[in-house]
There are 2 protein chains.
Amino acid sequence: MNDIEIAQKNVMKPIEDIANEIGLKRTDIEPYGNFKAKINLPLDLPEKKDSKLILVTAISPTPAGEGKSTVTVGLGDAMHRLNKKVMIALREPSLGPVMGMKGGATGGGYSQVVPMEDINLHFTGDMHALTTANNTLAALIDNHIQQGNDLKIDQRRIIWKRVLDINDRALRNVVVGLGGPMQGVPREDGFDITVASELMAILCLAKDIKDLKSRINGIVVAYNYDKKPITVSDLGVTGAISLLLKDAIKPNLVQTLEHTPAVIHGGPFANIAHGCNSVLATQTALQLGDYAITEAGFGADLGAEKFLDIKTPVLGKTPDTIVIVATIRALKMHGGVSKTDLELEDVDALKVGFSNLKKHVENMQRYNIPVVVAINKFTADTNLEVQTLIDLSAEIGVSAVPADVWGQGGTGAIDLANKVIETTSEVHEFKALYEADDSAETKIEKIVKTIYGGTNVEYAPKAKQQLRQFNELGWDKLPICMAKTQYSLSDNAKLLGAPTDFTIHIREFNPKLGSQFLVALTGNVLTMPGLPKVPAANHMDIDDNGVISGLY
Amino acid sequence: MNDIEIAQKNVMKPIEDIANEIGLKRTDIEPYGNFKAKINLPLDLPEKKDSKLILVTAISPTPAGEGKSTVTVGLGDAMHRLNKKVMIALREPSLGPVMGMKGGATGGGYSQVVPMEDINLHFTGDMHALTTANNTLAALIDNHIQQGNDLKIDQRRIIWKRVLDINDRALRNVVVGLGGPMQGVPREDGFDITVASELMAILCLAKDIKDLKSRINGIVVAYNYDKKPITVSDLGVTGAISLLLKDAIKPNLVQTLEHTPAVIHGGPFANIAHGCNSVLATQTALQLGDYAITEAGFGADLGAEKFLDIKTPVLGKTPDTIVIVATIRALKMHGGVSKTDLELEDVDALKVGFSNLKKHVENMQRYNIPVVVAINKFTADTNLEVQTLIDLSAEIGVSAVPADVWGQGGTGAIDLANKVIETTSEVHEFKALYEADDSAETKIEKIVKTIYGGTNVEYAPKAKQQLRQFNELGWDKLPICMAKTQYSLSDNAKLLGAPTDFTIHIREFNPKLGSQFLVALTGNVLTMPGLPKVPAANHMDIDDNGVISGLY
């Protein structure tokens, strides 16, 4: 059976029952269909300070797959089986990749969150609300210019792009406003994917509606003819943009195949944004569970670094344990094995590829947080390979625990769960990577040298000029959100393993005054993906009774 | 109190209770929040043949307002007060106009459907699902060309446009695919508003998922280099586009301020599309009520004509009574009074402007359906004016009944309700305007001469050429969906009242093989509205507790 067939055979509990089991009253939730609900915040619950936060991250991804979401779900199910009060907190899938190459993002096999079709498609409409709010703002900007341009917005310097939750390369670079004076002012523009919208980052960092409004108010959308920033506040539409997100800001409750409660909310990409689910979702999971398991996108150099350096200061809580997911297959690819030879035992390649895992482990240990390695098992893994990985991990002081979550669900991750639970009790003190007061250059240098293992940072002329501008505007102390390929610790997707002696090239910055960070674009990171030759969409279908097939 | 304040003071019943009152089991609905629900079709109910269908339409709209939705809701509430089993069936508002000029579309005063904020904003996500499905198809078309163009699609002849549910004039005419060979093939393109998407029309005409798929399969999206049509079927993505609409196809259940059940589903504009809510919603209302009250967009020349000529053949049921909404104010504007002088009594102007109402009444009588005129009362209306309108109506054989639905809700429409109930019992036999077999030119001529009162139809060269092409392709017998200004019976918005001796100019056709009609574009009907100088968005706000203001 494939993922969707397993999910469809599963019998879900009504979402009211799941809510009830975790101590939520009927009035605390708003059902969306029978198996999804929005959680009304703030919850009227006593403060809870001793919940444990577990962050699941991974090695640098390869086409072999690492299965971070699947392990997160399986680990949660295992802890649930061990009668722990556990909450899973995941990101929402983006529909673009679902229709494109990636397929769904709800775990796999017997470790899935359900209803998988709904979560992968429109879910509770959060992405659509973000798309609408983003594009309403864009229309209001162009309309302002058309109607007299009182703010003297320079149409060559509008930085607020339109978005769609679709992989649509034809929209990367467009010209809008054509057709004559009644159709607007012609200008160059472009569309990003919705998960790259600053509004997504804001939604994921906002502590409440007040904070959401305040952040939206501060978004810089353009510069005027004097090169001074123009904000949403200047346009006077903060209220309209905020109210379009009134439901989207509420975390969504669903369940796993084994009825473990899961909060799924927010989903910025980790290569072009900060890559973690919402602060409100993580807080809710911590409030409702004794253990909250959450994940951060792509490899630990991207998602986890941003979780620790960008999200943690807002969340006010650091992880008690970091789980790094690795697969034998992926490590062999990092060791030079081609995708077609992955089924063959190759201990030597595994040893070489281990360098990638080792670097990520050391990076997380740098923050002084206990680490556990989860070996996400595939059927072709040999005992010798698994034992080698356990031994290599032990040499650098971490436990590596095999788990068969795809094939067995929670049952396959009992050992991993026990090790993680044990590890969350270790006493440790979080050690931040950089100080809030560090300059942008210093922050970037610390990320590049300490986390990526690079030797140098090179700024393109445009980036240098922007840094001078940020200094003048007082934006130079904001946290840094690196936009970098996920496939390598460097900014060159082809350098696998743990490359050294490399330079990171900062092409340009995107200042995000609403999310309150500076995005540093390295290499050529795309903010709007394209579709492959044969998109996943071509295999999808729905029968006359509404049953969906071909969604993975 | 304004509309939103009245709505917010109202105490809604849980949607489960509303469902229960109309005979729906808990498994028949999927709640979306506590006050909205999707209805799962088909319903397991005995067939019902004697329900009465009431269609609410109006005179040609003026800036003075006619209040069609408000009267529909008030009439429903009045029949509810008279202990009739009544269901209201309305269209879903489009967010673009809500943020632009029009404000909400959920009735007004004490005749509203609620929760008005949700219905006017994202509701249950139907518009967003349509936007996503529409644009996913667009991305798949451009991707097909980029990936080798096996179908030999002529990028100059792609007729599938992208859409957003936003008033965004800057997107009317765009160039996409710029930036070099990796970013797609450059071409001219444009965005329509979502309610103008063929998928919206399809959703509103589809009888079930099977019909939905079959219609989507047949959509013509482009022509190839040999000028042969390319369909969604050719692209092989019917399943993917259909499954994106799996929830959107289910009608939405809400309530009025007086707890009358209302089904709100689908919302194609009536000037550029067929302007009625979904066939499934109307059928559901007929199945659950003894009386189903529905409305059609803009004036009777647009919405009602399309209801009777396009929707009725699919629905398999014709209205038992047509209610034409008129206001004294609007008729005075049709009689030449300027907007600033509407508060002054002017019986002469009313008599002149009555010509507009008279023409609409005669048009509906042409179909052999009993007509009732609803006088939607405003405070400045004088007794003499109201009596004049009643008398003028009597002269042409119809009852005109005043109703104060804004100020009094259902109580204000008891007389109207009694007259409508009485009228639905009149024996009559529907007389179609044209035969299915008539050519496109014949159908257009019958609409123009009989309904609009015009003398002539003029086809632009492009339209003539298209008619020849349609003949060759076998599309010439499809029903006609006129795209015309709503402000006049002619295609010149400035000709108020009941103009005569005018020519209708057919500029171009949009063949819609999925919705199965030909859109005939007259004059310059915009398929993407713009925002006004001070958009409604500028007055909207949300407070720290999530309470919205400034939405009308």
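Author: A polar contact is a pair of N or O atoms within 3.5 Å; within protein, one must be able to donate a hydrogen and the other to accept it, and residues adjacent in sequence count only if both atoms are side-chain atoms. The side chains of Asp126(A) and Lys38(A) make such a contact, at 2.5 Å. This is a predicted model, in which local features need pLDDT of at least 70 and side-chain atom pairs count only at pLDDT 80 or more, while totals for chains, interfaces and linings use all residues. Residues are numbered from 1 along each chain as its sequence is written, chains are lettered from A and ligands numbered from 1 in the order in which they are written, and side-chain values use heavy atoms, with hydrogens and water left out.

Asp126(A) belongs to helix α6 (residues 126–146) of chain A; helices here are DSSP runs of H or I, at least four residues, numbered from the N terminus. With a relative accessible area of 2%, Asp126(A) is buried (under 20%, 1.4 Å probe, protein chains only). Apart from neighbours within four places in sequence, Asp126(A) is in contact (heavy atoms within 4.5 Å) with Lys38(A), Glu92(A), Asp247(A), Ala248(A), Asn252(A) and His265(A).

On the side of chain B that touches chain A, helix α6 (residues 126–146) of chain B gives the most, with 10 residues. That side divides into 32 nonpolar, 22 polar and 19 charged residues. Between the two chains there are also 8 salt bridges (a side-chain nitrogen of Lys or Arg within 4 Å of a carboxyl oxygen of Asp or Glu). One salt bridge joins Lys246(A) to Asp118(B), whose closest N and O atoms are 2.7 Å apart.

The contact takes 73 residues from chain B and 72 residues from chain A. Because 99% of the interface residues of chain B are also interface residues in chain A, the copies meet through the same surface.

A rotation of 180° with 0.0 Å of shift along its axis superposes chain B on chain A, with an RMSD of 0.0 Å (least squares on the C-alpha atoms of residues with pLDDT of at least 70 in both). The two copies are therefore related as by a two-fold rotation axis. Tyr32(B) is the residue of chain B that comes closest to the rotation axis, its C-alpha lying at 2.0 Å.

Methods:
Helices (H or I, at least four residues) and strands (E, at least two) are DSSP runs, numbered from the N terminus. Ala, Val, Leu, Ile, Met, Phe, Trp, Tyr, Cys and Pro count as nonpolar, Asp, Glu, Lys and Arg as charged, and the others, Gly among them, as polar. Buried means under 20% relative accessible area, exposed over 50%, partly exposed in between (1.4 Å probe, protein chains only).
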